[in-house]
Amino acid sequence: MFYEPRKKNHVLPHDPFKAIVAPRPIGWITSMSARGEINLAPYSFFNGLSAEPPLVMFCSDGRKDSVVFAEETKEFVCNLATWNLREQMNATSEAYPRGVDEMKEAGLEAAPSVLLKPPRVKASPCAMECKWLQTVRVDDLEGHPTQRYVVFGQVVGVYIDECFIKDGLLDTAAMRPIARAGYHDYFVSTPETKFSLRRPKDAGADHLDSIKVAAELL
Ligand SMILES: Cc1cc2nc3c(=O)[nH]c(=O)nc-3n(C[C@H](O)[C@H](O)[C@H](O)COP(=O)(O)O)c2cc1C
C-alpha cells in the first residue's frame, strides 16, 4: 500500500505512523516551574541527537507543562523508563492540572539532582540532567506554525545506578528500558533481543590512527 498522510488515505482504522517510527525511546521528563512546582511526564518523541556535546530533544503536542516548565527554569531531567516502572510511567502521563506533582500521584520517590533543581526519579537506573537550549515551534509545508514544540537540551550531568555497569560498560539490556510503538504497544529491551554489529571501516579510516578507529567502532 501507499498513502499520502495529508490526504489521510491510508484506509486503515488507525494512522500507522507511530507503528513505523518505532520503537521510540521514552524521555521521562522531570521539570520544575519558576514557582517550584514539580512535573513528571513521558515523551516518546524523544531522542539523543549527539554524544559530543551530549544533546537530547523531546517534542510536545502543544505547549504542555514539561515545555513551559523547562523554559521557565531552563532545566529538565530525562529519566530512563524501564519495565519495572512501566505502570508508574504510564500513570504520569495523566493530564493533571498544572502544578500537580505527577511523581507523588504515581507513588514515586524523588531523589535530588546533583546540578539541577528538578529532581530525578529515584527508582530509575539512569537520569540525564539537562540545561534547556531552545524550543523550536515547527512550521508545516505551507509555512503554517504547527502545535509541535521541540525542546532541545544539553546534558550536563548523568546519574547511573552502578549495579548496571559490567566490565566498564553500561548494560542497557539489564536495565530493561521500554520503548513506545504504535497503538497501545511497547517494546522492552532484554539480553535476549540484543545483538552486536561492528561498523565496516570506511575508505577514509586509513587516515585515522588505529586507536581512534577502534574507538569509533565501539
Ligand atoms: C509512553 C508515552 C509517550 C508519550 N509521548 C508523548 C510525546 O512524545 N509528546 C507529547 O506531546 N505527549 C506524549 N505523551 C503524552 C504526555 O505524557 C501527556 O500529555 C502528559 O500529560 C504531558 O504532561 P505535562 O503536561 O505534565 O508535560 C506520551 C504519553 C505516554 C504514555
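**View 1. Strand 9 and strand 10 pair antiparallel over 12 bridges.** Strand 9 covers residues 126-139, and strand 10 covers residues 145-160. The model is predicted: local features need pLDDT of at least 70, side-chain atom pairs count only at pLDDT 80 or more, and totals for chains, interfaces and linings use all residues. Residues are numbered from 1 along each chain as its sequence is written, and side-chain values use heavy atoms, with hydrogens and water left out. Strands (E, at least two residues) and helices (H or I, at least four) are DSSP runs numbered from the N terminus. Two strands pair if DSSP finds at least two bridges between them. Tryptophan 132 has glycine 153 of strand 10 as its bridge partner. The two strands form a hairpin with 5 residues between them. In that turn, glycine 143 has a positive phi of about 85°.

**View 2. Strand 6 pairs with strand 9.** Strand 6 spans residues 75-80. Its pairing with strand 9 is antiparallel and has 5 bridges. Phenylalanine 76 is bridged to cysteine 130 of strand 9. Lysine 74 lies in the loop between helix 2 and strand 6. Most residues other than glycine have a negative phi.

**View 3. Strand 4 and strand 5 form a hairpin with 2 residues between them.** Strand 4 holds residues 46-51 and strand 5 holds residues 54-61. The two run antiparallel and are joined by 5 bridges. Alanine 51 has proline 54 of strand 5 as its bridge partner. Proline 53 lies in the loop between these strands. The peptide bond from glutamate 52 to proline 53 is cis, with omega near 0°.

**View 4. The ligand sits in the largest pocket.** A pocket is found on a 1 Å grid over the protein atoms alone: an open set of points where a 1.4 Å probe fits, with protein on both sides within 12 Å along at least five of seven lines. A molecule sits in a pocket if more than half of its atoms lie within 2 Å of its grid points. Elements giving two or more residues to the shell are strand 3 (38-43), strand 5, helix 2 (65-73) and helix 3 (86-91). Strand 3 gives the largest share, 4 residues.

**View 5. The shell around the ligand has 20 residues.** The closest are Asn39, Tyr43, Asp61, Lys64 and Ser66. How does the shell divide into nonpolar, polar and charged residues? The counts are 8 nonpolar, 6 polar and 6 charged. Here Ala, Val, Leu, Ile, Met, Phe, Trp, Tyr, Cys and Pro count as nonpolar, Asp, Glu, Lys and Arg as charged, and the others, Gly among them, as polar.

View 6. Taken alone, the ligand exposes 650 Å², and the protein buries 85% of that. These areas come from the Shrake-Rupley method with a 1.4 Å probe.

**View 7. An open sheet of 3 strands has the order 1-13-14.** The pairing is antiparallel. Strand 1 (24-25) and strand 14 (186-188) are the edge strands, and each pairs on one side only. Strand 13 (residues 178-180) is joined to strand 14 by 3 bridges. Alanine 179 stands opposite phenylalanine 187 in strand 14. Proline 23 lies in the loop between helix 1 (17-20) and strand 1. A cis peptide bond joins alanine 22 to proline 23, with omega about -10°.

Definitions and conventions:
Near = heavy atom within 4 Å. 1 Å grid on protein atoms, 1.4 Å probe; cavity = no way out; pocket = protein on both sides within 12 Å on 5 of 7 lines; lining within 4 Å.
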